[in-house]
Amino acid sequence: MTDVQMQDEGILNQENRQQMEDLPTIKEGEYVFIEMPSGNVKVVSLKANSTVNMGKFGNFLVNDIIGKPFGHSYEVVGRNQIQLTRHAGLSVITETTANNREIVDDNTSQKLSHEDVEKLKQTGLQGGVSGDTIVETLVENHSAFEKKTEYSKAKYIKKKEKKFKKVFTPVKPNLYSLCDFFFNKNPSKIRDMRIDTLSQMLNMGNIRAHSKILVVDDAQGLVVCGLMERMAGFGSILGIHEGDNHNYDTIRYMNFPTHTREMLKVLSWANISKDSAPEPFVEQDTSVMEEKEKVSYSRKTKAYERLTGAQKMLWDGDFDALLIASQYSPESILDELLPYVAGSRPIVVYSPNKEVLVSAYTYMKKSTECLNPQITESWLREYQVLPGRTHPTMNTSGSGGYLLNTIRVIDCPAEPMNANRRRGTRKLNKAANATNNTPADEEPSQPMEAESDSAKRTRLE
């Protein structure tokens, strides 16, 4: 039994172990997000018998977390050694009369020298002392700690824990964690798309299982990831991309199963025209081929099937939604792909710049195939929620992009009023002929003139 397993037995009771069995577990060969004490996130590909380096927070062996549930926290206690730890609970802070008036913000309050602190850090990396011990030592040697308010004390301890406590948490990759990671690290890679904007885009597109979706994604496949996660392998997705190969790099981080990945088909812009249909594939006898020729022939056969399958899917049309997050002009994309969208289906266009969507909005207003186009921008603000200290964070993103949504309608021009009246008269005549058993090719008899009252009395007498 390893050290991590012994810690599991010591910390978790029977009820907690039963809950762990129901949670998704970490598997070999998958990607995982590692949340470090500093708040930064590291993406790791789990390879058996390998070591993950977290810089100043130490290292750990991949084998020690494989098979364990996501979301549990571990502390590095020695060289490549970890132990299960609990999340720090929120303590109730009571307001006191203490204040920070007499505290001078300089380095004289800490009795430990810089060399002493560095020695503690090195001892902690070697497993000599824990992170909690280092934080407690710093607090004990802080001459002005007791003069701080309760809020300042909690803030000081939390700051030191981030710096010295070597605790990390494996997080399961999902659409939220993936979008949040790239938005904080490299937002230009996903075209500055924020998670709330992406969720609104999927909602406006009415994305659900058993749908047929057409998407143009130049955000490294982030929109495609949202489609695949929400549809969960039920339905079909056709992605239109630039160049010979797509650049959906973010898909690999999501650890999708095979049946979910198979729902995605891709097609290059160069092959969307019906004039670009390839010539019929000539089948050959593989029994007389050498091994290299068989591999090459099989590769060509699969490429031909993928191309023709994607083209047939596009040309069949009747897509349930069109989602666009592209660097190119939305009007040029709509000119090519709008005919393939079924009637009464949504079209959603994303852009980090509002001016681009204003031009597309004008295009839709003039078109007879777009109903009620609207430009929207979502607003997101993060709040710190702690006992007695709930307030919005001081730093936040200015914008997560803009969305333009509309409904595709089938244009049916109305006929002139007299034509409608003639059509209605013919229908009434046919109904009357059917009632009177009059042949359809004969003209109906002229209606009898109304009999006057005097004539009716004379006839009755």
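The secondary structure of the protein comprises 14 helices and 16 strands. The model is predicted. Of the 461 residues of the protein, 37% count as buried. The accessible surface comes to about 28000 Å², and carbon and sulfur atoms account for 48% of that surface.

Contacts between residues can also be sorted by their separation along the sequence.

**One residue in its setting**

T197 lies in helix α7, which covers residues 195-204. Is T197 buried or exposed? T197 counts as buried because its relative accessibility is 1%, and buried means under 20%. Which residues does T197 contact, leaving aside its neighbours within four places in sequence? The contacts of T197 are then Y350, S378, G400, G401 and L403.

**Cysteines and disulfides**

A disulfide is a covalent bond between the sulfur atoms of two cysteines. How many disulfides does the count give here? The count comes to zero disulfides, where a pair of cysteine sulfur atoms has to lie within 2.5 Å. C179 is buried, since its relative accessible area is 1%. C370 also counts as buried, because its relative accessibility is 9%, under the 20% cut-off.

The table lists the residues discussed above with their values.

| Residue | Relative accessibility | Class |
|---|---|---|
| T197 | 1% | buried |
| C179 | 1% | buried |
| C370 | 9% | buried |

Definitions and conventions
Residues are numbered from 1 along each chain as its sequence is written. This is a predicted model: local features need pLDDT of at least 70, side-chain atom pairs count only at pLDDT 80 or more; totals for chains, interfaces and linings use all residues. Side-chain values use heavy atoms; hydrogens and water are left out. Helices (H or I, at least four residues) and strands (E, at least two) are DSSP runs, numbered from the N terminus. Buried means under 20% relative accessible area, exposed over 50%, partly exposed in between (1.4 Å probe, protein chains only). Accessible areas come from the Shrake-Rupley method with a 1.4 Å probe; for residues, only the protein chains shown count as cover. Contact means heavy atoms within 4.5 Å.
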